Amino acid sequence: MIDSRTDITAVEERVVAAFMDRLRTAPLPVSPRMPGADVLWLKARLIRQWDAQRKVRRPIELMEPLELAAGVMAAGLLLAWALPSAFEWIPRLIF
Amino acid sequence: MLAEHAFGEFYQRHARSVWTYVYRVTNDAADADDIVQEAFLRLFQTDVPSDNEALRRYVFRIAGNLIADRWRRKVRDERQAHEAVDGREPQAHDIDVARTFAELKPRERALLWLAYVEGGTHADIAESLRLARGSVKVLLSRARARLRDLLTARGIERLGNDR
């Protein structure tokens, strides 16, 4: 008795193989719309270039917010340091 | 990395067969276009095997992985994709063949295609589909049995022989 789940007879195996062969040679209802090898080559080169650029830019991009934060902090400190003496100077300049 | 000339030759030689495999498994020409393009582009991202046959298997493996990724994303659309066949059909038998095959699950289609059309060994198929080598034999038997059941149910078990 054949296990209907997985076991197949030799005849059935031939039928399956013949079916797959028929499928292999059956014309496709659609055609591939793929680029030519030269286009793909160019695309790969561009992707490689972009990747390389991204790799070089990454540390700069990472440092940008840190630089900004450090700048703001320095400006704040400078302001805190200069503000008391500025308050002393402003009345003298006005009067 | 591949030289331009070697890549061009390899692409010309194998792009069509990879496309046909992907198309038969996904049943979607646009997906097949994207996947094949992506698979060949990946050849530039890593060190690839130098011998042609290994490189061919490698492309099939990448394509298999990309198909698997898309299955996960497109499980819901699967049924709809099965019906996406355009009107320029060749022969009634060919349509029957394609439709019968499309009734199988994507993984079953991939297993059968790699085994019968590409002539892959269990090891090759396991590699292409990210399966354990031991599972391939069992899954392939099940896929074969499913196809047999479909052929029997549709009364087209002689389809392969009556050209």
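Predicted model: local features only at pLDDT ≥ 70, side-chain atom pairs only at ≥ 80, totals over all residues.
Over all chains, a search of the whole structure finds 15 salt bridges.

One of these contacts joins B:Arg144 to A:Glu13 through their side chains, with an N to O distance of 3.1 Å. The pair crosses between chains: B:Arg144 belongs to helix α8 (residues 133-154) of chain B, and A:Glu13 to helix α1 (residues 10-25) of chain A. B:Arg144 has a relative accessibility of 18% and therefore counts as buried, the limit being under 20%. A:Glu13, with a relative accessible area of 26%, is partly exposed.

Within chain B, a salt bridge is formed by the side chains of B:Arg57 and B:Asp124, at 3.5 Å from N to O. This pair links distant parts of the chain, 67 residues apart, with B:Arg57 in helix α3 (residues 52-73) and B:Asp124 in helix α7 (residues 122-129). The relative accessible area of B:Arg57 is 35%, so the residue is partly exposed.

A salt bridge also connects B:Arg61 and B:Glu127, whose closest N and O atoms are 2.2 Å apart. Because B:Arg61 lies in helix α3 of chain B and B:Glu127 in helix α7 of chain B, the pair ties together parts that are 66 residues apart in sequence. B:Arg61 counts as partly exposed at 23% relative accessibility, and B:Glu127 counts as partly exposed at 39%.

A:Glu12, B:Arg148 and B:Asp149 are joined into one network by salt bridges that share partners.

Methods
Residues numbered from 1 in each chain as written. Chains lettered and ligands numbered in written order. Heavy atoms only, no water. Salt bridge = Lys/Arg side-chain N within 4 Å of Asp/Glu carboxyl O. Helix = DSSP H or I, 4+ residues; strand = E, 2+ residues; numbered from the N terminus. Buried < 20%, exposed > 50% of the residue type's maximum accessible area, 1.4 Å probe, protein only.
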